[in-house]
Amino acid sequence: MPDEPTDTEPTHDEFTPGPEEVDYPSTLRITALPAEQAQAAALERAEQWEHGEEVPHVVNFEDRAQLRELLTDRRMELLEEVMERPPESIRALADRLDRDVHDVHDDLHLLADYDIVHFKEAGRAKKPYVPYDTVRLEVEFGLSRDGGAESQASA
């Protein structure tokens, strides 16, 4: 069967490093930039990385509405709590925040889908953690200035 690993091919688990084996940057940037700007920023970060500079991990949303859907006030509170006081388990975090454990579980796993939250196995419990020192949200918007007259706001 062609899908079975051979002696020379690593399995997914062998190829994918565990969370403790990854060297995360100190900053996670969550951005809302159009595709062209996000691609240009990614190329710039790749160049910085090639020169030995630390570059942030970036999660970009091309649509600000998607960013707002993900980072609700409740999820940002959850994220902040995990960063400030890493819990021993999802249940412990839910108890601390006085929230339903299933809602906290779902929110944490959604954040994990975007590589914002990670988990360590601790027996039967999963310990959520954020491997970054700083999480920075960046939403950029403005008017195009194509040589036309500047628009003025009135109060």
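Analyst: What follows is a walk through the sheet, strand by strand.

This is a predicted model, in which local features need pLDDT of at least 70 and side-chain atom pairs count only at pLDDT 80 or more, while totals for chains, interfaces and linings use all residues. Residues are numbered from 1 along each chain as its sequence is written, and side-chain values use heavy atoms, with hydrogens and water left out.

The open sheet has three strands in the order 2-1-5, with parallel pairing. Here helices (H or I, at least four residues) and strands (E, at least two) are DSSP runs numbered from the N terminus, and two strands pair if DSSP finds at least two bridges between them. Strand 2 (57–61) and strand 5 (134–139) stand at the edges with a single partner strand each, so one side of each is left without a neighbour in the sheet. On average, neighbouring strands of this sheet are turned by 15 degrees against each other, direction ignored; the axes behind such angles are lines fitted to C-alpha atoms, for helices over the stretch in contact, and the angles run from 0 to 180 degrees between N-to-C directions.

Strand 1 (residues 27–32) runs parallel to strand 2 and is joined to it by five bridges, and along this pairing Ala 32 stands opposite Phe 61 in strand 2. With strand 5, strand 1 pairs in the parallel sense over six bridges, and there Arg 29 stands opposite Arg 136 in strand 5.

Strand 1 is also mostly covered, with six of its six residues buried, where buried means under 20% relative accessible area, exposed over 50% and partly exposed in between (1.4 Å probe, protein chains only). In a regular strand the side chains alternate between the two faces of the sheet. In strand 1, Thr 27, Arg 29 and Thr 31 point one way, whereas Leu 28, Ile 30 and Ala 32 point the other way, and all are buried.

Together with helix 2 (residues 35–50), strand 1 and strand 2 make a right-handed β-α-β unit; a crossover is right-handed if, with the strands pointing away from the viewer, the path from the first strand over the helix to the second runs clockwise.
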